[in-house]
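Please keep the sequence and the structure in view while going through the numbered points.

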Amino acid sequence: MNLKRRHWRDRLMLGVLSAATVLVLIPLFIVIVYVVVQGIGALNGDFFTKELGSPARAQMGQETGLVHTILGTMVVDLLALLLAVPLGIGAGIMLSEYPDHRLNPLLRLLNDTLNGMPAILKGLLAFALIVKPMGTFSGFAGAVALAFVMLPIIARTTESALMIIPWSIREAGLALGLPRWRVVLSTIIPTARVGLMTGILIAFARAAGEAAPLLFTSFGNNYLPSHWSGWLLGPVDTLPQRLYSLAISPYKQWHEMGWAAGIILLSMVIVAFVIGRLAWSGSRVAKR
Amino acid sequence: MEQAEARKSLVTRAPYGRRPEGQAAELRELGKVRMQTRSLSVHYGTAVGVHDVTLPIYNQQITALIGPSGCGKTTFLRALNRMHDQTRGARVTGQALLDGEDIYAPKIDPVIIRRRVGMVFQKPTPFPTMSIYDNVVAGLKLVGIRNTALLDEVVERALHQAALWDEVKDRLRNPGGSLSGGQQQRLSIARALAVEPEVLLMDEPTSSLDPQSTMRIEELMAELKTQVTIVIVTHNMQQASRISDHTAFFYVGDLVEFNPTRKMFTNPDEDRTEDYITGRFG
Amino acid sequence: MPAANPAISAAVRRIPPPIYRWLGDRIFLAGVVLFGLSVMALAVSLALVLYREGAAAITTFGFFGFLKGTTWDPALRLEFGALPFLIGTLVTSIAALALSFPPAIAVAIFSAEYAPRWLAHIIDGLVDLIAAVPSVVVGIWGIFVFAPWMRETFYMPAYLWAADRHPDLLPLLGSPIGYGMTTAVIVLALMIIPFTAALSRDAIRLVPKEQREAALALGATRWEVIRMAVLPYARSGIIAGAILSFGRAIGETMAVAMLIGNKNTLPFNLFGAAATMPSVIVNEFREAVENLHLSSLMAIGFYLFLISLLVNLFAAYLQRKMAVSGGRAV
């Protein structure tokens, strides 16, 4: 009977769809489990306190670790945030608070285009603009490259966060006699702060995991910089780039440290992800 | 002649729950009861949408359900083709009989019921990615009918029944969304009629249309009722008094009164009915 | 009622001087526009700088000549042609898209139509998490776990079977070491699933209730409602998701570079090593000494930019063409 077949097909599709869902999610768990299991052994005190040095150190069981990598990641990521956040929020303000500005369609188009560009291209841009004139790889160049990655994301999330606020709130501020700029800075921005922070967090999580742009800009370093200025003016090690180097190296001990670096990267990303998710859904609950 | 008969039986196939012609003819007499609810209630969690309604639907006549908004008339209507199966937390108790069989009995397949009891909604809902032609035959394609000659015939028949044929016969391949609001609603009606339902439920079919389209649809309903039993929910009392044979007045989930339309609007039994009809509330 | 205090009234009624408002607004607007311009400048400079850096190679070999050239010889002849990488990028991206599309749609449908809300939240979160995992982490897992597993489970058996029964197939299969085209494509497909899935499930959730009910009222089963009323209505969102996935696949760098084996010459085959535009840049950049070599890598970056741009524009065009708005299929 045709009807029986239709019902049978209906049940079959339910089975197929649920199986596909499981199939898609399994690799995620496999990756996470492998990273944790393989890397946990190398996450000892030395890992957080010693620098990498030459391969011989690891091979001969001497003290070695990734302290310079972790510090380098913090320096580069923070500097990137300092560069990208003001520009991104400013661009987002332009898009949402001055919607009739004639440059806006172009800005939106270019921003969306930038968003879709592979991160490696942004690294090449930073190489051409910063590394070549400076004559050296540097933490500053790495920060600029990551800022290029963060910037379009922050602009877009800022625009979204600000657009959610009803226009009547701005009118209320203006009706009180406040100038436009006060309305934005003192009323709108604070109201949207959860959305703005979430956007910055998303951009940070995305940029923090990128290795390609850093390969051409901060380049990497097996040692701590000798002078504090070395963090900005000389080559610097960062987690994603170091993970790549360790993984493709021929030394087994370095592979173990690579997995451990993976644990740290994954933790950063997952924490940022969860916070961003909770904040986003929390703000949605509050608005109801 | 043989071919026409064979084609006809393809559409009205027995597996979809229709009784063989002989028995059905008896039931299809004018004035017989086609559907009947017995103590039908619809619960949403703890709230009650419709409470203990016992109501006959007479064959080949138009039954109107009226009442202020929120009174349960739409909820009752949707119970007649088991639409509440889809709503989380909705529970239906009591009986709804179609040709004497309870559609809520445990072994009954709602898919079959929905073939026999069709529905047209308040908002016209042609499938926008399909052509006019494909919209009309959507229900037929579901059961695997592919014979283009048969489909062509059904399309012509259904669009005639919906008084839309002359307007669209030259552009059957145009998308369904390219029609005006009134035409889209008639297309939705044609789509529902294509599968030859025995009962057609209409949920405020003209409330989102302009007066002219409303008039067209009311006209076609007068013709349709000779072929299909119609139950219509309307918040427009003039419409109910114009087109229906029987009227049921609902208030806060209860069936207050059920009477032939003429009596309902000139000399209702209940005070509440009279109050509503004369506009004292609602 | 307390007597009106003239001092307080005067303070409350004081209006800031016009200059405060006017100047403040102008400065603020100027600052904001400046920041907006910086974003636009970034986008434009990306195109210009990549071209400038790659100009040496492009002028030496020709705009299309560079793309069509198949020799990549940084050591001996200093001749560079990008065709292998172009083909590698296109083949891996198209194959990954094809491989990822059905599962991604399936997850989107399951989450949006079948799963109860709490489960849908969890599934959506996990799927989005896949996109958040850094490419290098997927890469290291691929190198030490996935590729060897693929080699043992599929490549070697297939290779041995072919060596035994169909030696003519061997060139098609290629070397089964595990690091090659197929491994990269599978991993890439996994990484781009979340983009199709996320946009598709949003589009599916936006399909109006009435459309579903109209299909249901015709006597459709649950799956038939989805197939007849929901998916067609959501198609522009689904296509948008697919194109976004494709755009990400083109630019995906690290995991591919770590798993694709890095062979710079055509032809490519199923299991054997290959290369893509991002992978060759990553693999050779740090060792590129010759100006022409570096310029050629930059030129590849420029072509990658052009391809990305084309994909984005195509996405915008398709979206407009396939959108369904207000019941009218546009």
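Predicted model: local features only at pLDDT ≥ 70, side-chain atom pairs only at ≥ 80, totals over all residues.

**Notes on chains A, B and C**

1. The contact between chain B and chain C joins 23 residues of chain B to 20 residues of chain C. On the side of chain B, α4 (110-116), β6 (117-120), α6 (138-142) and α9 (181-194) each supply at least two residues. By class, this side of chain B has 11 nonpolar, 9 polar and 3 charged residues.

2. The contact between chain A and chain C takes 70 residues from chain A and 71 residues from chain C. Helix α1 (residues 2-39) of chain A gives the largest share of the side of chain A that touches chain C, namely 19 residues. That side of chain A is made up of 53 nonpolar, 12 polar and 5 charged residues.

3. Chain A is also divided within itself. Its domain assignment gives domain 1 (2-42) and domain 2 (45-287). The centres of these two domains of chain A, taken over C-alpha atoms, are separated by 32 Å. In the contact between them, 8 residues of domain 1 of chain A meet 8 residues of domain 2 of chain A. The side of domain 1 that touches domain 2 in chain A has 5 nonpolar and 3 polar residues, with no charged residues.

4. In chain C, attention may be given to a pair of helices. The axes of helix α2 (residues 18-61) of chain C and helix α14 (residues 291-322) of chain C come within 7 Å and cross at roughly 130°. With that angle, α2(C) is oblique to α14(C). The crossing of α2(C) and α14(C) is left-handed. Among the residues of α2(C) in this contact are L46(C), L50(C), Y51(C) and I58(C), while those of α14(C) include L292(C), M298(C), F302(C) and F305(C). The residues of the contact of α2(C) with α14(C) divide into 12 nonpolar, 6 polar and 1 charged.

5. Chain C also holds a cis peptide bond, which runs from L266(C) to P267(C) with omega near -5°. P267(C) is placed in the loop between α12 (254-259) and α13 (277-285) of chain C.

6. What is the secondary structure of chain B? Chain B has 13 helices and 10 strands. Of its 282 residues, 47% count as buried. Among the contacts in chain B with a separation of 6 or more, 69% are accounted for by residues 24 or more positions apart.

7. R82(B) is not a glycine, yet has a positive phi of about 60°. R82(B) lies in the loop between α3 (73-79) and β4 (90-98) of chain B. F219(A), likewise a residue other than glycine, has a positive phi near 70°. F219(A) is found in the loop between α11 (212-215) and α12 (230-233) of chain A.

8. Are these two residues, and T278(B), buried or exposed? R82(B) is buried because 21 other C-beta atoms lie within 10 Å. F219(A) is buried, with 22 other C-beta atoms within 10 Å. T278(B), by contrast, is exposed, since it has 11 other C-beta atoms within 10 Å. T278(B) is found in the segment after α13 (271-277) of chain B. The C-alpha atoms of T278(B) and K32(B) are 31 Å apart, and these residues are 246 residues apart along the chain.

Definitions and conventions: Residues numbered from 1 in each chain as written. Chains lettered and ligands numbered in written order. Axes fitted to C-alpha atoms, helices over the stretch in contact; angles between N-to-C directions. Helix = DSSP H or I, 4+ residues; strand = E, 2+ residues; numbered from the N terminus. Parallel < 35°, antiparallel > 145°, perpendicular 65-115°, else oblique. Left-handed = near helix turned anticlockwise from the far one by under 90°. Contact = placed C-beta atoms within 7 Å. Nonpolar A, V, L, I, M, F, W, Y, C, P; charged D, E, K, R; others polar. Buried ≥ 20, exposed ≤ 12 C-beta atoms within 10 Å, placed from the backbone. Domains from an automatic or database assignment.
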